[in-house]
Amino acid sequence: MTKPIDNGRRDSFKKLILGGAAFGSLSSFEMKQEPKALKGNINHGVCHWCFRDYSLEDFCVEVKKIGIKGVDLIGPNGWDTLKKHGLDSSMCNGAEISLTEGFGEEKYHDQLVENYTKMIPMVAEAGYKNLICFSGNRRGMDDETGLKNCQKGLERILPLAEKHGVMIQMELLNSKINHKDYLCDKSAFGVELCKRLDSPNFKLLFDIYHMQIDEGDLIRNIRDYHQYFGHYHTAGNPGRNELGDDQEINYPAVMRAIYETGFDGYVSHEFIPKKEDKMASLAEGVAICDV
């Protein structure tokens with residue numbers, strides 16, 4: 001049985017980790033105006049947990065109006081709802097233990113292998129491609145020990161992922177602000193792990209917000225290591241809120257860099273809106289990133 005993800009995701013993942021429990025249905029979420037047609041260069045996704053006032057059902061209705069194609073971090077219990085609305089489960093979840101208990105520690109390997117061995121065929125059977133994983137915390141480990149442990153554990157599930165055409169993606173998270181002691185907190189660590197595993201079915205979820213905090217140099221790293229990045233997340237920094245002009249990341253420039261690499265996966269929005277009209281905030285974030 002998986003445990004809920006920590007920090008900003010913790011409460012919502014108690015209900016979402018198997019994907020799609022409602023937080024209560026609100027009567028009406030009408031967009032004030034129809035958004036402009038998207039350019040089609042970026043495949044936009046979104047994380048449901050950031051919009052916890054919306055049931056998954058209502059959320060699907062509203063995000064489709066914006067032009068979003070997929071919803072991240074939904075597990076099997078929510079897949080029927082996504083299919084009903086013609087939305088992709090753009091980054092599946094449900095096999096992980098937690099953000100802090102991951103492949104970096106051997107004591108979790110047996111449970112993780114059991115979880116992923118069950119989930120990988122389910123993801124493939126449902127017609128989805130991406131399944132998230134985490135390194136877990138460092139707990140005093142040096143990078144080399146952490147890399148060896150992650151490699152050892154992931155090698156036990158990657159043949160199955162390759163057989164079923166499922167991409168296992170380890171998320172890069174900052175260890176400075178949000179996820180203290182997280183092991184896979186730099187692009188260099190994740191890229192080295194990709195090289196050691198040498199599998200077409202293992203990549204990194206490059207979270208732009210998290211990597212701005214822990215390493216910066218976003219565009220250079222995207223250009224240099226894009227072949228190892230299979231998915232992107234957005235949020236404004238500081239604060240992990242809207243992508244407007246009161247935060248420091250130049251999202252149009254970052255999106256152009258991603259597009260120029262030939263990336264055809266998802267860029268999913270994972271910011272926590274502060275404004276009352278949350279769907280307007282989401283629509284604005286999509287527009288900013290629609291280069």
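Good morning. In the structure above, Cys133 stands opposite Met170 in strand S5. This is a predicted model, in which local features need pLDDT of at least 70, side-chain atom pairs count only at pLDDT 80 or more, and totals for chains, interfaces and linings use all residues. Residues are numbered from 1 along each chain as its sequence is written, and side-chain values use heavy atoms, without hydrogens and water.

S4 covers residues 130–133, and strands here are DSSP runs of E of at least two residues, helices runs of H or I of at least four, numbered from the N terminus. S4 pairs with S5 (residues 167–171) in the parallel sense over 4 bridges; pairing requires at least two DSSP bridges. Both faces of S4 are covered: Asn130 and Ile132 on one side, and Leu131 and Cys133 on the other, are all buried (under 20% relative accessible area, 1.4 Å probe, protein chains only).

What is Phe202 in contact with, beyond its neighbours within four places in sequence? Its partners include Cys133, Ile168 and Met170, contact being heavy atoms within 4.5 Å.

I turn to the second largest pocket. A pocket is an open set of points on a 1 Å grid over the protein atoms alone, where a 1.4 Å probe fits, with protein on both sides within 12 Å along at least five of seven lines; lining residues have an atom within 4 Å of a point. About 350 Å³ of space lies in this pocket, the volume being that filled by probe spheres set on the points, which are joined across faces, edges and corners. Of its 19 lining residues, Asn130 is among the closest to the centre. S3 (88–92) supplies the largest share of the lining, 3 residues.

Note on methods. Buried means under 20% relative accessible area, exposed over 50%, partly exposed in between (1.4 Å probe, protein chains only).
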